[in-house]
Amino acid sequence: MFFRLVADSFGRRPRHKLLTGAALALGMGVATAALSVALDVGDRLAKEFRSLGANLLVTPKADSLPLEIGGVDYRPVNAGAYLPEADLPKLKTIFWHNNIVGFAPILEVPVQAWSPASQTVLTPKVSNETTLIGTWARHNVAIPDGGTFVTGAERTNPWWQVDGQWFGEGALECIVGQNFARKNHLHAGDTVNVSQRGTTAAATALKVTGILSTGGVEDDAIVGPLSIAQTLAGKKGEYRKLYVSALTKPEDAFARKDPKTMTPVEFDRWYCTPYISAIALQISEELPGTDVRVIRRVAEGEGQILTHVQMLLWLVTLAAMLAAALAVGASSAASVIERQVEIGLMKALGAGSGTVGFLLAAEQLLLAFVGGGVGYALGIILARVLGEKIFGAAPEPTLLVFFVVIGLAALVTLLGSAIPLRRASRIEPAPILRGE
Amino acid sequence: MTELRKLNRAMFWRILRRLLGANRGRLFVMLLALGAGAAVTAALLNLQVDAKRRLTTEFRMFGPNVLIMPRQGDASAISEATLDESVLKEVTPFRNEAGIVRANAYLYLIADVTSITSREHQRVVVAGTHALGADNLEEAARIDLQTPDKQACIVGGKVAVQMHLQVGDRLTMINAGVQESCRIALIRLSGGAEDSEILPHLDVAQRLADLMGRISLVQISVPGTSQQIDRYIGDLQKRIPHAEVRPIRQFTEGEAKIYSRISGLLTATVGIVLLLTALCVMAAMTNVAIERKMDVGLMKAIGGATRRVVRLFLAEAALLGLAGGLIGAALGILLSIGLGKAVFGVAARPRLIVYPVAVGLTVLVAILSAFPLRRLASIRPASVFRGEA
C-alpha cells in the first residue's frame, strides 16, 4: 500500500515532480561542479606556478662566496667548488621524485668571445668579455630505476624566449643573448669564437642557433651546452649551480617547525608531505656535499597565493552549495505546502501524523536520489568542460563528491519539507476537507 | 473613463495584496528562494571584482618586477656603470592605478670585509641600499628603519656561515683605502644572490665606493595587471631616457600567466554558479506558480481577461523578486565583506554597482519563472472547479 501511494503520487503529478526534480538536479549539478573544481584546483595551480621557474637552488657546500655583480662573477678563475654531473639522475629517486618537474645544472665560464662577422678588412675583430653559461637545453637523463626523464633550462626557465632553435646537446652550438647579439651583429647561423678568459688555449667556434631573450643577465651572455662549458673550463663532468623546479604543498604552520625539534612521528609526517623544505632535505640527502636552498622569493609568494585562491574557491563552492540547498529546500517545502488537502484526507481516513510524514519523506528522498544522481552526472560534465577550458585538463570524477552530493540532496529535501510537515501534522482534517 | 481606470488600478493592487498575503508559507518559500539567489549573486559578483584586484597586489609577494639600470653604451661591465640617485625621484609618485609602487636603490661593489668578533676576513659583494633590502614591512620594522641607524646591515646567510657571523657582530669593510663599519642587524637566507652579499645602508656603500650620489640599479615592485605594468614601464622609460627600464620577465610573465588562469577560473566558476543558481530559483518558483491553477480558474470564471490575469501574476512575481533581491543582495554584500576578510585578510570593498545588478537579475529571474503561467491562460475554468485538470 505504501509503495502504491508513493508510485501514485509520482504518476498523478508527473510535471510537478519533474520540476522539483529539475530544481534538485540543477542545484546538485552546481554543487558537484564547484566541488570537483575546488578539489582539483590546488594541483592544477601548483603546476601553473612552475612558470615562475625553479624554486630550489643547489650549490656546493664547500664553495667560496661568489663575487657576483650583475651576473658577472669576479672570483678568480678556478676558485670555488664544483659538483659531479653524474649524481644528477639520483634526483629522480627521492621520495617525492614525481614532484620534481625539472632541473638544470649550470656551469658559468668567463670567456673572451668574438664573431668573425664583426671582422672586416678595415676593422679589427671586436673582442668581448662575456660569460658562457653551460646548461642543458633538453637533456635525456637516464633514471637509475629505468626510463628517461627529459629536462633542462626549457623546463626550469620557461620565460626564456629563443628566437630560432635551442642548441643541440653536446653539439658545437649555442644561443646568444639579445644584447650581445645586437652589439656583435650576430644572427642565427653565424658562428662565434669563444675561449676561456685568461688562457691562451685555442678558441672554440660555436654555431649560433638562436637569439635568447630573458630580460635578465643572460641577455648579455652566451648560453651553450654544458659539455662545451666543461671542456672550456677544464672541468669535465662538473657543474656549479643546479636549479630545481618542484611541485610543492603550500607551507603551513606545521611545515615551518624546525625538523630537528619534531618528534619521530611528526618528522615522518613532515618528510612524507611535499613541503618545499622536506623536498630540499631529500635532495641534500641524495646529493652529498651540497647546500640546497629554497628560493624564498618564488616559494613563499606561491604558497600564499595558492592558499588564498584555494580558500576563495572553497568559499565560492560553499556559496554555490548554500544557494542550491536553499532553492531545493524551498522547492520541496512548496511541494508539501500545496498538498494540505491530500494530507487532510489521509488523516481523515485514519492515517497517523507519523505515517503521513513517513510517506512524504519517502517521496522526497526518492526524488533526492534521482535528482541528486542526475545532478551529479550533470555537474561532472560541467566540471570537465570547465577544467578543459581553464587548465586544459579535466578533473577526475571522485566517489567522494558523489556521496557528498547525494547526502546533501537528501538532507536538504528532508529539511526543506520538515517545517511544512510539522505544520501539516497539526492540521485538523475537517476544515481542510470542507475547503476552509 | 479615467474614473474607471482608477478604479481598475485600485482593484489590481488590492488583488495583488491579497495574492501575496493569502498564503504566508508560500510567500516565505518564494522569498527564501529568491533571496538566497540574490545573496549568492551579490556576494560572488562583489568578491569576484574585488579578488581580481587583490590578486595583483598579492603577486607583489614575489618582490620587485621592474629594474632601472644604466644603459650599457660604452661601459663594458655592468658593475662600472652607475646612475644618478635622482632617478629615484622619477619613480614617484609611489603609486599607480593598482596600488603602491615600492622602489629600492642599490649600489654594488666588492670590499674586503673583516669581522671584528670572529676575526675572519674575506672579499664580499657589498650592496648598499636604502631600505636595507627589506622586502616587507615586517622585516623593516625588525631592523627599525625609523631610527637613523645607518650603522645597521643585513648579512646574507651564506656569508654568515662562511665567516661565522652572528647578529650583533661588527664588520669592517675596506675598499680602495676607505674604511666603513656596520653592525649586523639581521642574517637572512633567501635563496637569491643576496645570500652571498652584505647589505649596508646606501650612504655607507657610496662612501666606500667613493661614488657619492650614484647607484647601480633600482628595483621596483609595481602592482597591477600586465597591461598596467607595461604602461608604467613605458611612462617611466619616457621620463628617464638615459636609463634602461626593463621588466624582470621571470616574474612579469609568470604572474601574467597565473593571473589569467586564476581570473579565468574565478569568472567561469562564478558565471556558472550564477547561471545555475538562476535556473534553480526559477525551477523552485515555477513549481509554486503551477500550483495556482485554482486562482487563475476563479479569476477567469468571474470574468478576468487572460491578459489581465497574467499581468497580475507577473506583477506579483516582480514585486517578490524586488523584495527578495533587495534583502538578499544586501545580505550577500555583507557576506562578501566577511568572506574577503577571511580570504585576503582585508575586507572586500563593497562595489555599489553590484547591488542594483544583483537586484535587477533577481527581478528578471522572478519574472521569467512566472512565465509558465501564460500556459494557464488556456485553462478552462469549469474543468478546474470540477477538479479535473
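Two residues are taken to be in contact if their C-beta atoms, placed from the backbone, lie within 7 Å. The structure is a predicted model, in which local features need pLDDT of at least 70 and side-chain atom pairs count only at pLDDT 80 or more, while totals for chains, interfaces and linings use all residues. Residues are numbered from 1 along each chain as its sequence is written, and chains are lettered from A and ligands numbered from 1 in the order in which they are written.

Chain A contains 12 helices and 16 strands, where helices (H or I, at least four residues) and strands (E, at least two) are DSSP runs numbered from the N terminus. Along the principal axes, the C-alpha atoms of chain A fill a box of roughly 115 × 55 × 35 Å. The domain assignment, which is automatic or from a database, divides chain A into domain 1 (2-45 + 304-434) and domain 2 (55-294). The centres of these two domains of chain A, taken over C-alpha atoms, are separated by 56 Å. Of the contacts in chain A with a separation of 6 or more, 79% join residues 24 or more positions apart.

Between the chains, 67 residues of chain A are in contact with 69 residues of chain B. On the side of chain A that touches chain B, at least two residues each come from α2 (14-49), β2 (68-69), β16 (290-294), α8 (296-337) and α10 (353-391) of chain A. The most is given by α8(A), with 26 residues. By class, this side of chain A comprises 43 nonpolar, 15 polar and 9 charged residues, with Ala, Val, Leu, Ile, Met, Phe, Trp, Tyr, Cys and Pro counted as nonpolar, Asp, Glu, Lys and Arg as charged, and the others, Gly among them, as polar.

Beyond its neighbours within four places in sequence, Ala34(A) is in contact with Val316(A), Thr317(A), Ala320(A) and Met321(A), and with Thr269(B) and Val273(B) of chain B.
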